Amino acid sequence: MQQAHASSGNTTVDDLLARFGAPAFIAQPTPDHTATLWVSRDQVLDVLAHLKPRFPMLLDLFGIDERLREHKPAGAADFTVVYHLLNIAGREEIRLKVAVTDADCSVPSAVGIWPNANWYERETWDMYGIEFSGHPNLRRILLPPTWVGHALRKDHPARATEMEPFSLDQEKQDAEQEALLFKPEEWGMARATQDTEFMFLNLGPNHPSVHGVFRIALQLDGEVVVDAVPDIGYHHRGAEKMGERQTWHSFIPYTDRIDYLGGVMNNLAYVMAVETLAGIKVPDRAKVIRIMLAELFRISSHLVFYGTFAQDVGQMSPVFYMFADRERLFGIIEAITGGRMHPAWFRVGGVAQDLPRGWDRLVREFIDSMPARLDHYQVMAMDNSILKQRTVDIGSYTTQEALEWGITGPSLRATGMDFDLRRDRPYGGYDQFEFEVPLGHKGDSYDRAVVRVEEMRQSLRIIRQCLDNMPEGPYKSDHRLTTPPPKERTLQDIETLIHHFLNVSWGPVIPAGEASFPIEATKGINSYHLVSDGGTGSYRTRIRTPSFPALQQIPLISRGLMIPDLIAIIASIDFVMADVDR
Amino acid sequence: MSELDTIGFGLFIIVAAVGGAAVLTWFERRLLGVWQDRYGPNRLGPFGAFQVLADMLKLLNKHDWVPPFADRAVFVFAPTAIVVAMLLSFAVVPFGPDLYILDINIGLLFFLGMTSLAVYSVLLGGLASNNKYALLGGLRSAAQMVSYEVFMGLSLMGVVMLSGSFSLRDIVEAQRDLWFCVPQFIGLFTFMIAGIAESHRLPFDLPEAEHELTAGFHTEYGGMKFAMFMLGEYLGLLLICCMITTLFFGGWLGPWLPPILWFSLKVFALICFFVLLRAAIPRPRYDQLMALGWKVMLPLTLLNLVLTGAIALLLEGV
């Protein structure tokens with residue numbers, strides 16, 4: 001909490017200070033060492049526009065309710081809007097913060113600078129009631145249109161038991177029914193042009209190909225998609241609100257259910273953010289175990305993608321083979337963690353248990369057999385000419401568009417952008433591994449699949465390196481803030497016993513501060529921005545998921561195509577609705 | 001055969017065809033299971049064969065519901081049309097030298113006419129449902145059937161030229177020396193494709209297209225009316241296999257074994273092949289399917305027609 005000085009050691013910050021003058025900013029030190037600057041509401045758009053050439057991607061935009069925060073950073077008022085920008089070429093990030101008061105809760109909209117700010121700003125308005133002046137369509141996005149209040153405000157109840165018992169009388173039911181009526185105008189679509197009357201087709205929220213509860217309102221001319229408007233929120237479970245209620249440790253199982261195909265990959269982003277806040281160093285064995293499990297889950301998630309991708313273009317069989325492989329994978333994961341899809345197995349400071357005896361044989365059998373099976377699937381699915389006809393040149397976008405819309409992960413690499421956090425900003429020990437980053441070049445549905453298929457082979461390579469070089473040593477850090485805390489000396493002195501008792505019953509107290517930790521998850525960049533107010537739980541848990549921006553881009557790439565193309569596009573995006581709605 | 005015998009045999013064929021189609025639903029699932037590394041229905045009775053009975057009981061017990069927004073009369077009529085048309089077509093199929101219901105000199109035309117009528121079922125079902133997905137399914141089926149009907153008839157003209165008759169018995173007899181699948185391989189190929197399209201099974205199941213149109217034309221159907229559509233589809237598969245056997249694989253002809261057994265074996269092998277197709281091939285897009293029909297299959301059929309005619313004339317001249 002200090003005034004920004006002219007020499008911060010960060011060229012981007014220096015450049016900003018030179019351009020806008022030092023008094024315009026207040027720097028906030030954070031444990032994750034990401035440059036964090038407070039800027040005034042009047043200047044924020046100028047600063048963002050100035051930063052855009054250098055930071056082409058708006059990674060995240062979210063709100064914080066600061067009203068109950070004890071360790072408020074300098075510059076904070078009632079609410080904060082945070083802009084998290086990513087510079088891919090220079091591998092750097094910057095955070096900008098704007099403070100607003102409850103009485104004057106409004107910020108200018110950044111939609112003109114980054115198109116993907118649209119949904120993020122809608123979400124922030126939905127959750128905090130922060131207005132974004134100039135926003136084209138500031139409606140609720142995750143909560144139903146009839147919701148009263150803004151759910152992530154600290155004064156909004158978190159549990160049903162804090163509210164009046166729910167009842168649905170006739171009047172309320174009518175109002176809800178009325179709100180469900182589809183009026184094309186509200187969705188920004190015209191009913192007809194001079195010579196064509198459009199048909200509106202409601203695809204979802206229950207439809208075999210939307211992979212969960214996702215709804216797209218389609219404006220059709222025959223079978224040609226004139227416009228498509230995605231509607232999300234049907235899978236919203238308030239994970240971020242729950243984060244404020246659980247302890248640091250007991251939130252781990254909730255993370256599993258964000259990208260429910262990614263399993264412990266979600267744990268990784270979360271525990272690493274907590275470890276950054278607490279300053280915990282993880283021992284080598286734990287690092288390698290984590291990487292091995294994360295890559296196993298990457299394969300598992302990509303197998304589901306692969307099978308459903310083929311299925312959605314009408315090929316019946318591949319999905320059965322891939323689910324059989326996934327089942328074998330779950331066998332290994334179950335032997336190691338005891339869980340299957342949601343093991344909740346990573347811990348703050350390490351992992352829950354050591355590897356069981358015989359784990360290496362299981363893993364070796366799997367990675368030895370998998371390449372031949374992938375070759376088989378290549379012939380069966382990817383080389384099939386009908387599948388190619390259905391997906392090549394369908395739903396393509398350029399690298400530039402992908403960056404503008406916040407697309408990350410394999411969907412970004414399919415455009416030829418050579419960027420993978422595991423290699424370019426190695427975390428958790430990835431710098432010790434050899435692997436390649438597969439790239440596509442056309443950015444179409446087919447390339448998005450090609451990149452993922454190739455990533456499975458690279459993951460097998462990483463797992464083999466884990467297998468051959470698994471270090472000996474402890475599987476959890478010897479740090480007092482880990483969960484469960486170290487127990488060795490508890491029965492010898494009362495001090496340690498008290499600490500142990502408190503850390504077990506209430507959970508550890510993580511030092512106040514803010515940190516985020518972006519990782520290369522199965523579907524793109526997943527990041528948890530955690531705010532600790534020096535308590536046993538998070539003050540604010542922001543979950544940045546890769547699926548959210550991907551859905552926002554669907555209209556752009558599906559206009560003018562046919563319904564079957566839209567299905568192929570949806571299949572190629574690889575999203576999970578829980579990852580979108582949280 | 002006396003008239004009474006013919007009626008008796010006709011009734012037998014109806015029961016056998018419907019029973020065969022029902023067993024086919026189970027058999028297909030088992031066969032797909034084998035190819036997809038899984039079991040399929042294997043719980044009820046030997047190899048799960050009683051699954052058919054369980055399915056029937058379930059469908060019979062379903063509420064016989066007509067959506068209030070549907071066109072009631074047409075909605076009820078639609079599923080019967082396909083079953084009736086398919087069953088009638090079986091009348092002209094010669095199962096053995098003396099095993100047939102009708103031997104008319106326009107047998108082939110009768111078959112083509114009846115299968116064309118089946119289109120109405122899908123089309124009317126889609127329209128009467130008054131549902132957007134069903135409408136799209138109905139539209140697709142109309143376009144698909146019309147385009148594939150064209151070369152379906154034409155693809156068989158080569159067979160007619162070689163045998164010199166529209167009677168299915170004569171066509172089989174004409175294959176004593178050589179099955180038509182050899183000289184008419186293009187005809188066989190195009191007829192097979194048209195046949196799958198007619199029975200709208202997986203690579204060509206666009207009117208239904210689960211992944212795009214939820215259930216296409218029969219989205220609003222349930223219970224026995226839905227079962228009629230399914231029955232019609234499987235009767236169609238059985239019929240197409242019978243016709244391919246008759247027209248291209250020498251029908252009941254074959255050494256040692258009794259004729260009806262030869263016929264059944266050939267039909268069985270073809271059914272397995274069709275199930276394999278369903279397991280292996282993705283679904284082309286609607287416009288790609290149209291393009292395939294008009295730009296590839298139709299010219300190919302016409303070419304076959306010209307070549308067959310030319311060769312037939314040459315041979316006659318010699």
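The centres of domain 1 and domain 2 of chain A lie 28 Å apart, taken over C-alpha atoms. Domain 1 of chain A spans 2–133 and domain 2 spans 247–556; such bounds come from an automatic or database domain assignment. The model is predicted: local features need pLDDT of at least 70, side-chain atom pairs count only at pLDDT 80 or more, and totals for chains, interfaces and linings use all residues. Residues are numbered from 1 along each chain as its sequence is written, while chains are lettered from A and ligands numbered from 1 in the order in which they are written.

The contact between the two domains takes 20 residues from domain 1 of chain A and 28 residues from domain 2 of chain A. Two residues are in contact if their C-beta atoms, placed from the backbone, lie within 7 Å. On the side of domain 1 that touches domain 2, E4 and helix H3 (117–128) of chain A each supply at least two residues. Helices (H or I, at least four residues) and strands (E, at least two) are DSSP runs, numbered from the N terminus. E4(A) gives the largest share of this side, six residues. By class, the side of domain 1 that touches domain 2 has 11 nonpolar, four polar and five charged residues. Here Ala, Val, Leu, Ile, Met, Phe, Trp, Tyr, Cys and Pro count as nonpolar, Asp, Glu, Lys and Arg as charged, and the others, Gly among them, as polar.

Strand E4 of chain A covers residues 57–65. The strand is mostly covered, with nine of its nine residues buried. A residue is buried if 20 or more other C-beta atoms lie within 10 Å of its own, exposed if 12 or fewer, and partly exposed in between, with C-beta atoms placed from the backbone. E4(A) runs antiparallel to strand E5 (residues 79–87) of chain A, and eight bridges join the two. Strands pair if DSSP finds at least two bridges between them. Within this pairing, A:Met57 stands opposite A:Leu86 in E5(A).

Chain A as a whole holds 20 helices and 16 strands. Its radius of gyration is 24 Å, close to the 25 Å that the globule rule gives for 582 residues, so chain A is as compact as a globular protein of that length. The radius is taken over C-alpha atoms, and the rule is 2.2 Å times the number of residues to the power 0.38. Along the principal axes, the C-alpha atoms of chain A fill a box of roughly 85 × 65 × 55 Å. Buried residues make up 50% of the 582 residues in chain A. Of the contacts in chain A between residues at least 6 apart in sequence, 68% join residues at least 24 apart.

Chain B consists of 12 helices and zero strands in its secondary structure. Its radius of gyration is 20 Å, which agrees with the value near 20 Å for a compact globule of 318 residues. The C-alpha atoms of chain B fill a box of roughly 65 × 45 × 45 Å, taken along the principal axes. Of the 318 residues of chain B, 47% count as buried. Residues 24 or more positions apart account for 77% of the contacts in chain B with a separation of 6 or more. Chain B averages a pLDDT of 84, and 97% of its residues score at least 70; pLDDT is the predictor's confidence in each residue, from 0 to 100.

The model scores ipTM 0.82 and pTM 0.86. Between the chains, 26 residues of chain A are in contact with 22 residues of chain B. Strand E9 (199–203), helix H8 (284–312), helix H9 (318–337), helix H11 (385–391) and helix H19 (563–573) of chain A each supply at least two residues of the side that touches chain B. H11(A) gives the most, with four residues. By class, this side of chain A has 15 nonpolar, eight polar and three charged residues.

H19(A) is mostly covered, and 11 of its 11 residues are buried. Among them are A:Ile563, A:Asp565 and A:Ser572. A:Asp574 follows H19(A) and has a positive phi, near 60°.

Two further residues have positive phi without being glycine. A:Ala344 has a phi of about 45°. It sits in the loop between H9 and strand E12 (346–347) of chain A. A:Ala344 is buried, with 21 other C-beta atoms within 10 Å. B:Asn130 has a phi of about 60°. Its place is in the loop between helix H4 (107–128) and helix H5 (132–155) of chain B. With 15 C-beta neighbours inside 10 Å, B:Asn130 counts as partly exposed.
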